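Have the model open in a viewer, with residue selection at hand.

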Amino acid sequence: MQDQEILSRIHRDIADSYDEELELEFEDRLEDAYADPAGGRSEADKEARRAYFRELFRLQGELVKLQDWVVATGHKVVILFEGRDAAGKGGVIKRITQRLNPRVCRVAALPAPNDRERTQWYFQRYVSHLPAAGEIVLFDRSWYNRAGVERVMNFCTDEQYEEFFRTVPEFERMLVSSGIQLVKYWFSISDEEQHLRFLGRIHDPLKQWKLSPMDLESRRRWEEYTKAKEIMLERTHIPEAPWWVVQAVDKKRARLNCIHHLLQQMPYEEVARSSIDLPQRERHDDYERQPVPQEILVPEIY
């Protein structure tokens, strides 16, 4: 293969990786189209979009450096993402993990507890997802379900609720004293913004799966969730693991602000990588590659 052809292939691969990022932005493009029926964009809008992607790619490059440092130092990191339904937690989690090694940085998004788990120590099912040395775990919702949805929807008793607030500071101090760095984010959006995002999900068949009966009920009980959130932040904001509130009405700014802040929480530095030499492939005269049977090939429709 000629050098020029190799370079062209490399450039196409890089372009494909950018396309993957654009796919993640597809939802935003749809929302922009709904906001602007003519489909036009001002030059200022286009430049703001370009600036967003430039900064996102730069921050994702820093996240790769952070990942290398975590592995090299054996650091252990837990990041909690809490907030209103449709607040954008999933979007920032996707951007954080997109270019990282899933064996180093993984997401824990636990379903509702089953009958057996309801009889366990409350924190037990979360403990099994905690990181070992050199790992980062992102919790898409966490043990703070008890202070939010379980409280508002009466899924726990008053005694269980109070027991949670009594024990969660000690539980988190225990995590920190064991060498785990715990970072807690609350994504905050306005009543009006959540209303618009729910309407967007209702009318978009690709996003209707995001609307569960629980989400719809949370819309009706907005004020109860607000009170529960205020109590939670007041009673669980501890020096060892403080809360950080991300203003998330503007999703793109929220992503950039959250990733930038996360990077500031750790004294990471770039880890030197050894140079990589691609070895020559061994070739043997007695080997001949066998054709793939036609009946097992996936049809090339595209």
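Select Ile 96 and show its neighbours: leaving aside residues up to four places away in sequence, Ile 96 touches Leu 63, Phe 81, Leu 138, Ile 259 and Leu 262. Contact here means heavy atoms within 4.5 Å. This is a predicted model, in which local features need pLDDT of at least 70 and side-chain atom pairs pLDDT 80 or more, while totals for chains, interfaces and linings use all residues. Numbering starts from 1 along each chain as its sequence is written, and side-chain values use heavy atoms, without hydrogens or water.

Next, select Ile 79, Phe 81, Tyr 185 and Phe 187, which together with Ile 96 have the most contacts inside the largest nonpolar core, a set of 32 residues. Such a core consists of buried Ala, Val, Leu, Ile, Met, Phe, Trp, Tyr and Cys residues joined through side-chain atoms within 4.5 Å; buried means under 20% relative accessible area (1.4 Å probe, protein chains only). Among the elements that give it two or more residues are helix H3 (43–73), strand E1 (76–83) and helix H11 (251–264). H3 gives the most, eight residues. Helices (H or I, at least four residues) and strands (E, at least two) are DSSP runs, numbered from the N terminus.

Now pick Val 78, Tyr 122, Phe 123 and Leu 175, which belong to a second, separate core of 27 residues.

Then move to helix H7 (residues 158–177) and helix H10 (residues 222–236). Residues of H7 including Tyr 161, Phe 165 and Val 168 lie in the set that meets Ile 231, Met 232, Arg 235 and Thr 236 in H10.

Finally, show the whole chain: it has eleven helices and five strands, and 38% of its 302 residues count as buried.

How values were computed. Buried means under 20% relative accessible area, exposed over 50%, partly exposed in between (1.4 Å probe, protein chains only).
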